[in-house]
Structure formats: structure tokens, C-alpha cells
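Have the viewer open while you read.

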Amino acid sequence: MAAMLSSYFASPVALLTALALLIPLTIHLLSRSRGKVIKVGNIGLIPVARHKPVAQVQLTQKRLLVLRLLLLLLITLALAQGLFLHPLAATQSQKKLMVTNSWLDHASAQQRQELVEQLATQSAWLIDENSEIDGQRIANWAADAQIENRPGTMQNIWASIAQQTESVPRNYSVSVYSSNALSDFIGGKVHTKQAIDWHILTHWKPAQRQVSDSISVVVVADETSTRQLPLWQMAFTLLQTELLPGLHVEYLTPQQVGIDTQGEWLINLSAQALNSPVAILSFSQQQLRQADFPMVLAEQLVSHLQPSLSLRSQRLSKAQITEPAATPVAARRDLKHQAPSIPVWLIVSVVLLFCIERVISEAVRSHPSRADLNG
Amino acid sequence: MEHFIDPTTLARVKDLPLVAKTLAQGFLHGLHSSTQKGTGVEFSQYRSYEPGDAMSRIDWKLFARSDKYFVREAQRESDINVYLVLDASNSMNQMSQSTATKGAWNKLDYARYLLATVAYLAQQQGDAVGLLGLSSSQIDFLPAMAGQHHWQKLMLQLARMHSGGVFPDASTIQSQIAKVRSQGLIFVVSDFYQQQGEVLELLGQLRSHKTDVVAVQLESDDEVYFPFKGQVRFEDLESAEQRLVNANAAKQAYMHARQEFNQKLELALKRNKINLLRANIDQPLDQLLFDFLSARAKVG
């Protein structure tokens, strides 16, 4: 309810407070118009207007009552800073659309087409790349190709959204299209000034176990490695085919290895000790002959990618994503992004109504007509 | 007796006899120094014994001679029966708005205390005191008798009286009128709000060459000053009729109507040679008594 009120009023608290005051004031005005009951011994001494029924409230009093209630209502709207009071401001049709790679990767063609239709002529904001993306690119998005070429990334979409919506006018609607992959929500929630309309894609399959990340391995072998080298080669071939297509193996001699040798792993099958900054991977002879040696090797090779690999299949619930973060004190006091001030026409209306009410009220009091004898 | 008791203070004391004695004592010590206490000493006449007469007043010597019961009447006793007539219609429930929150009293309460004090004064002087409470829903009658015991009965009757309905038509209370209308003094306490002149008709029937009638008209600050402002819905205590008025605008017309009402009442009572006292229930009660008894003392 708070979110809904925030959509229409810059100051929902002021609105609720004003409404709370409005109720007893309205009751007071209504009961005042009916008059306080005084019991007397002889009603015959109380004058009555001959041409009016005694129980009828004067039209003047009704008008005054309506005026006073209208005045209260306008003051309430002014205090609550209703956003709909600014007809020249942007309407609700103005929106900002934001989308993530993960959503584009896993959305169907129809879903992407619906997004394109929503965009109409404007562009969406691609969160992962921190740039705009037009409808054409969205429509032609090739998920497989994208996934293959994209390195595994983790990001905090909340922070990205908060940053992007910092300068967005309050009357814009912000829609975010994302999957619920955990890798997109790393880190704490960040408060956003705007209410976010989340479109969470929950039905998607995690990426296959094939890791497209490139892994570079340097194998150093000499004449002493002839017996174990084939085992390694066989394992590498298997991994390249089935699991790690990005695996790149370079075979060097001990003399070719130096401090400028590059790679993520170095496997020394030679008899010489090597001086290289690359991390060395080694296995015992017994391990080499085990049937699961390729899998064990694969685990070692991708061990630095484990967090990314596991995160890609982890998901958050919708509530975890969409529940707003606590409003920080600074945000509450941030005056820069408040709604536009009270419109001039509203202030003028309030003042005018007040003056009219006073004039009529004083006129009734100072010059009561015969009809006013009956209220 | 210059210091009078505030009515709101008096209203907090719910003991009717106590209030009556408190108020009356001041008068008994001041104005009535010449009052003869107890029964009268100067023999006047014999009369036949009536139920209720004290046994001590029976002349036993005469009984021995005549075999009939006769009582001795003193000179004073044969002079005055004091009857207290109380208007117990619903209009007597009116009270002022300014004192309502302080727990002050309405007209009926004021009348009760006033009559109780008068009854005490009369009883102290040896007068016979009777009571007649009138409303369309209930009529209370106590014959005029002297004595402490009778006075206590009268206090109890006064305390138990409740208002209800309207003032009854004189034709419905002829028997009571006949009893009340005897040689003596009749105190009538009312606000004199009537529908078809029934109060004045009663007073006219009570008045005779043997009977002195004192009418006490009760009013309140609200009726005297009309202090209301803004929209006010007045409701009649008896008919429940309501009128919604702008009090500021209606004040002048009301004051004029009230003045007319009072003048007509004074005229009607004067025609019947009935003394009128006007009492404001928001003013000290003993002040009224002081004014009344001072005036009587001067005349006497």
C-alpha cells in the first residue's frame, strides 16, 4: 500500500496524517451544522421563522459546510503533494526499461518481441554492458552465441538499477527485466528512489556443464615424460571435447619455459625443476592411472571458476529480488529528487476558497436574515 | 445573613433535612427572634379529635365529662396552615448549561430545597405544614400537620418526588385543592410554563379571603441572559419539540418574548392578589428566603 501511495503522492505520510485530521474535522463540521441540543422548559419563547419548516438547515449553512470541506480537501492534497496535480509533467506512460543479459539469454522469442513492442521508439538499458540496447538487437538476440562468447560475470543489479534511476524523474515508471540467477544479485540490496516494476524470468535452464571460459595450460615435457605424456594428452582431449571446450594446451620443453611463460596452469612432466610464475599442477603416478583422472583433472583446472560455475545455477526467489531495501536516512532527506513543489493553481484555490468562506461566514453572523433565525 | 451559600455548594449536599436546617437556622436566629417556639400557649377553642392529632393535646378532663375526645387549640395553631405546592412537571428539569458541568441543580432540586427550608421554618414555629406535588404522571399529597414526626415525613416525600409529564388540569385535582384551600399560607413553586393556563387557574382557585398565596417563579441564568451562540437546537422538555435556530439572531426576539411572558404573569397574579417572587436557581437560595422574609417582616 505504501508503494502504491508513493506512486501518486510525494509525501504519503503527510497524506495519511491529513486524512486522519480530516475525519474528526468533518465530524465536527457536520455536527456543528446540526446544532448543539439545549433542553428548555418552554419552546414557545424561542422564535421561529414563519415561512420555513423548523427542522430544516439553512441553505447558507450547507454552502458553508461544503466550502469548508472542500477547503480541507485541497489542503490535504497540497500537503500530500499529489503527483497527479501536475498535468504538464510526464505521464505514467513515460517509462524506463532495463534488461539484463540473463533475461535476454533465457527469454523466448515471443517474450523478447513483447519487450520490443513496449519499447516502441525508445531504447532499453542493458545493465550488464551499461549501455543502451535497441529493439532490433533485442529481437535478434542469439542466446547461445552470447553465452559462449561472454565470460562468466557476477554483478549487483540492484546497485546498477539504483545508479541508473538516480536521475530519472519520479513520475517515470521503471521496469526491469531479469532472470533470478544469483550471479546477477551479488552483494547487498541498494535502495532505489523509484518503485521498480520487476519482470523476473524464473523458468530457465542453467547453462550446461560445458565451461566456455578459456583455460590455458602449459605442459612441460622432455624425453623422460614419454610414458605419462599420452595419459595427459588423452585426458586433455577428452576434456576439450566434452567439458572444457575452452581448454588450450601448449606443450613446451623445459628450455622453453621462462618467467614470461603465460598460462593458468603449468604441468611439469620433465625431470627438471622449473622457475615460472604460473601455478603448477601435479598428480601422482597412481592418480594418472585412475579411471576418473580426467574428471579430477577437470576439477583442478576449473577450481578458480567454481564460484562462477555454482552461481550460474543458483537462483533467488522473486520476493528476495523484489522486496525493497530499507530506505537510508540520507535518501529520506534528499531534497534534490522530491516531487515538484505545490502547484500555484492549488495554492490560489485554497486562498480563494478560504476568503469566500470567511466572507460568507461573517456576513451571516453580522447580518442574519429572518430566514437565518431558523439556522 | 449577608453571606449567602453558593447554590453549587448547596447542591452537593444531598441531605435535604440538613440543608433545610442549615438555611433556616440563620433566619431563626436573626429575623425570627420574636418567634414563639413550640406549640401555642394561649388557649383558643376546643375541636373534635381528628386522626393524627397528638395524644398529649387531648383534654382528658373534658373527655371524663363528655366521654368524647376533644383537643385544645392554641391561638397560633388556629391561624396558619402552610401548604407547599410544587410543580413537578418535566419543565422543572431545566438547568443552566454553565453550571451543568459543576453538578449544580435543576429547578426541581431548587424547589425541593426551598420548600424544605420553608417547611422547617414553619415547623419550628409550630405551624402545620402540608405538601402537594403536581404532575400529570403523579400527585403527592400530605395533609397539613404540625410536629417533628410529620416534618420528617414531609422531607421524605419531598426527596422522593420525581418530575414527569405536564402540569395537571385543575379539574383533575379538585379534591386536593379543596383540602389545601384552608386558612393559611400557600407556597406555590413553579416555572409557570403552562399549555392552557392550568397553573394560573389552580392559583386562582386556591386564592381566597382566608388564604394567602405566594407564587415563586423559578428561572435560570440561561433563561434570563440567553448566553447561547451559533447554531443551537432547542428541545422542549415536555413536548420534545425541537427548533434549530441561530442563537445570535434569535436572542433579541427571545428576550422580548420572555419579557412579555413575565409581564403577563405578573398581571395575572396581581389580578388574583397573589404575591410573586422570582427566584434564579443559579443564585443563592437563602438570598431568596432572606428577601421574602424581610419583606414579610416589614409588612407584618
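## Cavity, interface and sheets

About 90 Å³ of space lies in the largest cavity. A search of the whole structure finds one cavity of 30 Å³ or more. Here a cavity is a set of points on a 1 Å grid over the protein atoms alone, where a 1.4 Å probe fits but cannot get out, and lining residues have an atom within 4 Å of a point. Grid points are joined across faces, edges and corners, and the volume is the space filled by probe spheres set on the points.

Before going on, some ground rules: this is a predicted model, where local features need pLDDT of at least 70 and side-chain atom pairs count only at pLDDT 80 or more, while totals for chains, interfaces and linings use all residues. Residues are numbered from 1 along each chain as its sequence is written, chains are lettered from A and ligands numbered from 1 in the order in which they are written, and side-chain values use heavy atoms, with hydrogens and water left out.

Now for the interface. 27 residues of chain A are in contact (heavy atoms within 4.5 Å) with 26 residues of chain B. Between them the chains bury about 2,600 Å², with 61% of it on carbon and sulfur atoms; that is the accessible area (1.4 Å probe) lost on putting the two parts together, summed over both. Ile38(A), Ile43(A) and Leu45(A) supply 26% of what chain A buries against chain B, more than any other three residues.

On to the sheets. Strands (E, at least two residues) and helices (H or I, at least four) are DSSP runs numbered from the N terminus, and two strands pair if DSSP finds at least two bridges between them. Chain B has an open, mixed sheet of six strands in the order β5-β4-β3-β6-β7-β10. β5(B) and β10(B) stand at the edges with a single partner strand each, so one side of each has no neighbour in the sheet. In chain A, five strands form an open sheet with mixed pairing, ordered β4-β3-β2-β5-β6. Its edges are β4(A) and β6(A), again with a single partner strand each, so one side of each is left without a neighbour.

Some of the pairings, side by side:

| Strands | Sense | Bridges |
|---|---|---|
| β3(B) and β6(B) | parallel | six |
| β5(A) and β6(A) | parallel | six |
| β4(B) and β5(B) | antiparallel | five |

A hairpin joins β4(B) to β5(B) through four residues.

Note on methods: 1 Å grid on protein atoms, 1.4 Å probe; cavity = no way out; pocket = protein on both sides within 12 Å on 5 of 7 lines; lining within 4 Å.
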